[in-house]
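Let me put the structure up, and then we can walk through it together.

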Amino acid sequence: MIKLDDVDRQIVAALQDNGRISNKEVAELVNLTHSSCSRRISRLERDGVIVGYRALTDRMKLGYSVRAYCGVFRDASVGWKELAEELARIEGVVSVFAVSGDVDLMVEIVAHDMQHYSSVVMKEFADTKGVNATRSTFVLEEVKSIY
């Protein structure tokens, strides 16, 4: 685990809030000089605390009106990592997690509509070696999400 001080945490929070903010603006927010702040950001990147920058999109505006979490029950003859990697290659799958509990994997899926979602689960997942069964939970409304 990397040790972060309060200033490092403030820098990370500022960049999480707005990844396009300039180093100069971050420096002003955390009361550092521009060069000191830039060095800290570089160190946070080098140490793997900050792993990248990306554009977050509005999935609804891109035509993805369905978002669901699909619990996957795995056949014991297939390793969980092998199955997770296979499921991750399916279009519409945005994240795959190994989890504890009654399912082996939790897969986040976005789809254009229910027909598209059904196709992903009933065709793509069903044709994937190692999938015994699935259980879907649909997102009704996103209340909070921190990336």
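Let's start with F138, which is partly exposed, with a relative accessible area of 35%. On that scale, buried means under 20% relative accessible area, exposed means over 50%, and partly exposed is in between, using a 1.4 Å probe and protein chains only. Before I go on, please keep in mind that this is a predicted model: local features need pLDDT of at least 70, side-chain atom pairs count only at pLDDT 80 or more, and totals for chains, interfaces and linings use all residues. Residues are numbered from 1 along each chain as its sequence is written, and side-chain values use heavy atoms, with hydrogens and water left out.

Helices (H or I, at least four residues) and strands (E, at least two) are DSSP runs, numbered from the N terminus. Y117, for its part, counts as buried, at 3% relative accessibility.

Now to the sheet that F138 belongs to. In what order do the four strands of the open sheet come? The order is β2-β3-β1-β4, with antiparallel pairing; two strands pair if DSSP finds at least two bridges between them. At the edges are β2 (93-98) and β4 (131-138), each pairing on one side only. On average, neighbouring strands of this sheet are turned by 25° against each other, direction ignored. For angles like this, axes are lines fitted to C-alpha atoms, for helices over the stretch in contact, and angles run from 0 to 180 degrees between N-to-C directions.

Strand β1 (residues 66-74) pairs with β4 in the antiparallel sense over seven bridges. Along that pairing, G71 stands opposite R135 in β4. Helix α5 (residues 114-125) packs on the sheet, touching β1, β2, β3 (105-111) and β4, and its direction makes about 140° with that of β3. Contact here means heavy atoms within 4.5 Å.

β1 also pairs with β3, again antiparallel and over seven bridges.

Next, charges. A salt bridge is a side-chain nitrogen of Lys or Arg within 4 Å of a carboxyl oxygen of Asp or Glu, and by this rule there are nine salt bridges. One of them joins R9 and D6, with the closest N and O atoms 3.6 Å apart. These two are three residues apart in helix α1 (residues 6-17), which separates them by about one helical turn. R9 is partly exposed at 45% relative accessible area, while D6 is exposed at 57%.

R40 and D8 also form a salt bridge, with closest N and O atoms 2.8 Å apart. This pair links distant parts of the chain, R40 in helix α3 (residues 34-46) and D8 in helix α1, 32 residues apart. Buried or exposed? Both R40 and D8 are buried.

Then there is E86 with R89, whose closest N and O atoms are 3.0 Å apart. E86 counts as partly exposed at 37%, and R89 as exposed at 60%. Salt bridges that share partners also join D5, D8, R40 and R43 into one network.

Last stop, helix α2 (23-30). Which residues of α2 are buried? They are V26, A27 and V30. Seen down the axis of α2, the buried residues fall within an arc of 100°, so they line one face of the helix; the arc is that of the directions from the helix axis to the C-beta atoms. Those buried residues pack against α1 and α3, and on the other side of α2, K24, E28 and L29 are exposed.

N31 is in the loop between α2 and α3, and it is exposed, with a relative accessible area of 70%.
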